[in-house]
Amino acid sequence: MYKNKNKHAHPPQRYSHHFEELHNFVFLDMGSLALETEDVISDIYLSLGLKESDKGVGGPRVLSLLSSLLERSVQRNETSLEAKHIKDVVTVFHGLRAPTLSVRKYIDRIFKYSGCSPSCFVVAHIYVDRFIQHTEIKLTSLNVHRLLITSIMLAAKFIDDAFYNNAYYAKVGGVSTFELNRFEMSFLFGIDFRLQVGVETFGRYCRQLEKEAAEVVQIERPMQACRIKESWSNKDDPTCASTIAR
């Protein structure tokens, strides 16, 4: 089931001609991407835990930062859609109801069972942004999980030396193989088969994740202060309420 890119990674017949063009024109190797990126943004690259040998407790730091960024984006989009009484564009990625699994737990699950490199999550984030820009849909709790499993699978296929087949990724993502095949096709056409990620683009998205880390710290500090105050007194503290509301 686990595929080696050098021997068995032949694309399915249903769109093999697209992949042949892509691999002939813009094939990316995980090793070269890591080395070139490390020269440009070595500090950020290391701090995000993008080295394959980095198996720290809780997984690479990039997982929590990407989760936070996506969750905030979903919350912002849903608030905006509700306030403006606008219905989001429905695609094959939309479910009837939001999954009970949080974005963070879903990303952790994918990392645990997919065996893909940490860099795949940065590349997947880039792919999702491209998809959103070209399709005009909004990230919501109804589509974010399906977009994630699809983009991460494509990233693994494109930059990792080895990857699983669609049936395995479908089990990891909690969807059927038929659904994931459909998602993959729709996603590829949605980004116009643009799977290439340049070093500058990769570095820019790494910096964006680092910026997200700074914003998360700013949010968590007042919340921690409120919890300390709550331990001192059971009375409502209007200062805490207004700080969290921001």
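Which residues form one aromatic cluster? Phe 93, Phe 131, Phe 183 and Phe 187 do.

## About the model

This is a predicted model, where local features need pLDDT of at least 70, side-chain atom pairs count only at pLDDT 80 or more, and totals for chains, interfaces and linings use all residues. Residues are numbered from 1 along each chain as its sequence is written, and side-chain values use heavy atoms, leaving out hydrogens and water.

## Aromatic pairs

The whole structure holds 10 aromatic pairs. Rings of Phe, Tyr and Trp (its six-membered ring) pair if their centres lie within 6.5 Å; planes under 30 degrees apart are stacked, over 60 edge-to-face, and the rest tilted. The ring centres of Phe 93 and Phe 131 are 5.2 Å apart and their planes are at 80°, so this pair is edge-to-face. The pair links distant parts of the chain, 38 residues apart. Phe 93 sits in the loop between helices H3 (61-84) and H4, and Phe 131 in helix H5 (residues 119-135). Helices here are DSSP runs of H or I, at least four residues, and strands are runs of E, at least two, numbered from the N terminus.

Phe 93 and Phe 131 are both buried. Buried means under 20% relative accessible area, with a 1.4 Å probe and protein chains only.

## Helix H7

Helix H7 (residues 166-173) is mostly covered. Of its 8 residues, 6 are buried, among them Tyr 168, Tyr 169 and Val 172. The cover includes helices H4 (103-114), H6 (144-159) and H8 (177-190), plus strand S2 (162-163). Contact means heavy atoms within 4.5 Å. Gly 174 follows H7, with a positive phi near 75°.

Terms used: Buried means under 20% relative accessible area, exposed over 50%, partly exposed in between (1.4 Å probe, protein chains only).
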